[in-house]
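Let's walk through this one with a few questions and answers. Have the chain open in your viewer as we go.

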Amino acid sequence: MDFSSTFEASTSLPAVAARRYAALPRPSLQFTEEVAAKTAPQWEKMKSVVPSVEWPFFAPYIAAINDLKVVRNAVILAHNYQTPEIFHGVADIVGDSLQLALEATRVKADVIVQCGVHFMAETSKILSPSKTVLIPDMRAGCSLATSITAQDIRAMKAMYPGVPVVTYVNTTAEVKAESDICVTSSNAVKIVESLGVDRVIFLPDQYLAKWVASQSKVKIIAWKGACEVHERFTGAELRAFRDADPSVKIIAHPECPPDVIAEADFTGSTAAMIDWTKKLGRGRVVMVTECSMADNVAAEAPDIEFVRPCNLCPHMKRITLPKILDCLLEMKHEVEIDPVIIERARLPIDRMIAVK
Ligand code: SF4
């Protein structure tokens with residue numbers, strides 16, 4: 001798919017800018033021999049997790065999106081919960097929300113396409129305000145991000161004056177702007193302990209708050225938010241997996257309820273779960289988090305047999321290859337944030353990044 005003929009041959013700055021931002025014609029999206037050859041490396045990575053019957057549909061999108069990234073000078077940041085055809089097919093940078101937040105500060109491209117949910121795209125915009133940040137579907141939200149407002153935080157601060165507000169990155173820019181420091185599930189315990197205080201307000205995930213409280217002497221004042229994906233797992237279903245095969249390893253995300261975490265051999269962020277699994281090398285693993293992550297890790301850990309108690313995140317699944325293509329063709333949907341909020345929301349994120 002060659003988009004270059006759409007533009008006059010010129011390297012002047014206005015021509016380059018026009019090339020980057022003008023709407024482009026739709027490619028044909030046929031599964032030709034040329035497309036098959038071009039996408040062979042991506043197919044090699046994901047053929048153990050993507051049915052071959054689906055490949056003729058995915059491959060033309062993958063080829064067109066990868067061509068368009070060059071035309072738009074764009075990078076695609078994809079969360080670990082994205083489907084394998086996005087994760088292995090078009091993403092330039094993959095990871096958990098902390099890794100994506102850090103990479104957003106380093107990318108040289110003009111355009112960031114966030115394949116994840118809205119708060120992640122906002123975090124990229126906060127950290128890279130001069131870049132154009134696009135999200136393929138504006139409706140990709142998060143039950144944690146909608147569980148709390150900036151007004152709720154102001155009320156908590158009035159109730160507990162002087163107590164630091166520690167906020168999970170799964171929140172809106174307005175909520176971050178009211179916070180003292182952000183955390184992710186990778187660094188929450190370390191950051192709470194770095195503050196040198198005996199209690200903190202920890203928002204908004206009640207289960208992550210409980211897990212942090214179990215790992216630290218700092219007293220936690222929690223909110224009542226929950227991830228709608230992780231709160232559906234139960235300790236009873238995990239016991240059933242272990243009863244069926246006592247050798248199975250159970251690894252869980254700290255957004256899960258305490259009875260789930262009590263059954264786990266390891267609890268950690270998505271990045272920590274991936275590292276743990278790769279170190280294990282072989283065996284049967286019950287990965288207690290969003291379904292797509294096991295698919296993505298399975299493609300890189302062929303000797304691990306994943307048992308998937310599968311809960312899908314409906315927000316993450318709003319992001320698809322056709323929507324990513326539309327997003328790059330039409331340069332939609334741009335994430336915009338009030339510059340005053342950007343400035344205030346950046347402080348707690350920068351404080352988090354500064355904690356080594
Ligand atoms: S998996 Fe849970 S925390 Fe992550 S985006 Fe979906 S609802 Fe939000």
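Q: Which residues of helix α16 (residues 321-330) are buried?
A: This is a predicted model, where local features need pLDDT of at least 70, side-chain atom pairs count only at pLDDT 80 or more, and totals for chains, interfaces and linings use all residues. Residues are numbered from 1 along each chain as its sequence is written. Helices (H or I, at least four residues) and strands (E, at least two) are DSSP runs, numbered from the N terminus, and buried means that 20 or more other C-beta atoms, placed from the backbone, lie within 10 Å of a residue's own. For α16 that gives Leu321, Ile324, Leu325, Cys327, Leu328 and Leu329.

Q: What takes a positive phi just after α16?
A: The buried residues of α16 are covered by elements including α4 (55-72), β1 (74-79) and β3 (111-115). Just past the helix, phi is about 55 degrees, and the residue is Met331.

Q: Which helix gives the most to the side of domain 1 that touches domain 2?
A: An automatic or database domain assignment gives domain 1 (4-140 + 316-330) and domain 2 (145-227), along with domain 3 (230-307). In domain 1, 8 residues are in contact (C-beta atoms, placed from the backbone, within 7 Å) with 9 residues of domain 2. α6 (97-104) and α7 (118-127) each supply at least two residues of that side of domain 1. The top contributor, with 4 residues, is α7.

Q: How many of the residues of α7 are buried?
A: The list runs through His118, Phe119, Met120, Ala121, Glu122, Thr123, Ser124, Lys125, Ile126 and Leu127. They pack against β1, α6, β3, β4, α9 (173-177) and α17. So α7 is largely enclosed by the rest of the structure, with the buried count at 10 of the 10 residues.

Q: At what angle do α7 and helix α17 (residues 339-354) pack?
A: Axes are lines fitted to C-alpha atoms, for helices over the stretch in contact, and angles run from 0 to 180 degrees between N-to-C directions. The two axes are 9 Å apart, at about 100 degrees. Because 65 to 115 degrees counts as roughly perpendicular, that is what α7 is to α17. Thr123, Ile126 and Leu127 of α7 meet Ile342, Ala345, Arg346 and Ile349 of α17, at an angle of about 100 degrees.

Terms used
Buried ≥ 20, exposed ≤ 12 C-beta atoms within 10 Å, placed from the backbone. Contact = placed C-beta atoms within 7 Å. Parallel < 35°, antiparallel > 145°, perpendicular 65-115°, else oblique.
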